[in-house]
Amino acid sequence: MTRTYFRPIPAEHGRWQLAGGWIRFSQFEILRRGEPPRLSELAPDEVMAALTAPRADVLGLPMDRPRIMGIVNATPDSFSDGGRYDPVAHARTLKVQGAEILDIGGESTRPGALEVPERDEIARIVPVIGAARELAGISVDTRKAGVAHAAVAAGAGLINDVSGFDFDPGMAAAVAGTGAAVCLMHAQGIPLTMQDNPIYDDVLLDVYDAIEARIDRARSAGIPLGRIVIDPGIGFGKTQAHNLAILRRISLFHGLGCAILLGVSRKRFIGAIGGADEPANRAAGTLAVTLAGVAQGVQIHRVHDVEDTRQGLALWRAVTGGSE
């Protein structure tokens, strides 16, 4: 039997509140594999419950407004800013600029990146966590159970696993044991080869199903739904067309019952569409995609350019009548 998916369509004066946040909706886009989308004003009770339930706080932050996650790369080879700053000083700067979460990473996951030994990754991030944990909630970008243990011991409260528990078989149990929250991202393949030739049947629905399976795996390991954040993994084993297909209908992912994290900052497709070859020149394009995500209720936005994002969100709230 072909599965039916319900995507809430944002509407200014909609009947229902989406995920306890700032967006409302009255209609659904009905999606089924191999069929054109159609509209409906009805959905099963379990779908409505998942779409309307307020999301659990993440690192103490209510998910009733968009939140800014600032990127702190403690790596020499990240695609945008690897090795260009002292990570502790940068964490402090991002906090002043408006970051509410700091995402610290010790291994680049850019296309073509090689794996970093666990001990080296730990050595890169633990001092940064120790120095930054009083500034904001700390997320750590890692695929490895040993690094997750060390990060939580140093003060991290969220593990951001770009493999969605696919890389390290011990990661689910490790996160469950620490009591930390986790972001489960979708990626097709590993960074070294993920952009070689990514293929999907229906990228939006394939990614939805894959994240749903990751959530089930996490819950089976003892991680409650309230400690899970999801990320569709823009740019991770996806072409420009794949990225755009997900972004245009990203509100579908609210049906999984978790807060959504969006990581599009300075990515290649933004440069290709916006005509910005250098990653550092993609702040405007990043903000445009970020605000498109905000308009579909996406709660957490992982960005390099925190000041630009903070300013853009402040203006978005002002012109839409939202609260500060």
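Visitor: Let's start with Gly 106: is it buried or exposed?
Guide: Keep in mind that we're looking at a predicted model. Gly 106 sits in the loop between strand 6 (101-105) and helix 3. Anything under 20% relative accessible area counts as buried. Gly 106 has a relative accessible area of 0%, so it is buried.

Visitor: Which residues is Gly 106 in contact with, leaving aside its neighbours within four places in sequence?
Guide: Gly 106 is in the loop leading from strand 6 to helix 3. Leaving aside those sequence neighbours, the residues in contact with Gly 106 are Ala 74, Thr 75, Val 116, Glu 121, Arg 124, Ile 125 and Asp 141.

Visitor: How do helix 2 and helix 3 cross, and at what angle?
Guide: Two packed helices are described by the angle between their axes and the distance between the axes. Here, Pro 87, Val 88 and Ala 91 in helix 2 meet Pro 127, Val 128, Ala 131 and Ala 132 in helix 3. The crossing is right-handed. The axes of helix 2 (residues 87-97) and helix 3 (residues 118-132) come within 9 Å, and they cross at roughly 35°.

Visitor: What does Ile 215 touch, not counting residues up to four places away in sequence?
Guide: Ile 215 is one of the residues with the most contacts inside the largest nonpolar core. With those sequence neighbours not counted, Ile 215 touches Leu 184, Leu 225, Ile 228, Ile 230, Leu 256 and Cys 258.

Visitor: How many residues are in the second, separate core?
Guide: Val 88, Ala 136, Ile 138 and Trp 316 are included in that core. Its size is 25 residues.

Visitor: How are the rings of Tyr 208 and Phe 253 arranged: stacked, edge-to-face or tilted?
Guide: A search of the whole structure turns up six aromatic pairs. In the pair formed by Tyr 208 and Phe 253, the rings are 5.8 Å apart centre to centre, with 40° between the planes. Planes under 30 degrees apart would count as stacked and over 60 as edge-to-face, so the pair is tilted.

Visitor: Where in the chain do Tyr 208 and Phe 253 lie?
Guide: Both residues are buried. They are 45 residues apart, so to speak from distant parts of the chain. Tyr 208 is in helix 6 (residues 203-220), and Phe 253 is in the loop between helix 7 (240-248) and strand 11 (259-262).

Visitor: Which ring does the charged end of Arg 143 sit over?
Guide: The charged end of Arg 143 lies 4.0 Å from the centre of the ring in question. That ring belongs to Phe 167.

Visitor: Is Leu 59 buried, partly exposed or exposed?
Guide: Most residues other than glycine have a negative phi. Leu 59 has a positive phi of about 50° although it is not a glycine, and it lies in the loop between helix 1 (45-52) and strand 5 (67-73). Its relative accessibility is 27%, so Leu 59 counts as partly exposed.

Visitor: And Arg 266, is it buried or exposed?
Guide: Arg 266 also has a positive phi, near 60°, and its place is in the loop between strand 11 and helix 8. With a relative accessible area of 10%, Arg 266 is buried.

Technical notes: Residues numbered from 1 in each chain as written. Predicted model: local features only at pLDDT ≥ 70, side-chain atom pairs only at ≥ 80, totals over all residues. Heavy atoms only, no water. Phe/Tyr/Trp six-rings, centres within 6.5 Å; stacked < 30°, edge-to-face > 60°. Helix = DSSP H or I, 4+ residues; strand = E, 2+ residues; numbered from the N terminus. Buried < 20%, exposed > 50% of the residue type's maximum accessible area, 1.4 Å probe, protein only. Lys NZ or Arg CZ within 6 Å of the ring centre and 35° of its normal. Core = buried A, V, L, I, M, F, W, Y, C linked by side-chain atoms within 4.5 Å. Contact = heavy atoms within 4.5 Å. Axes fitted to C-alpha atoms, helices over the stretch in contact; angles between N-to-C directions. Left-handed = near helix turned anticlockwise from the far one by under 90°.
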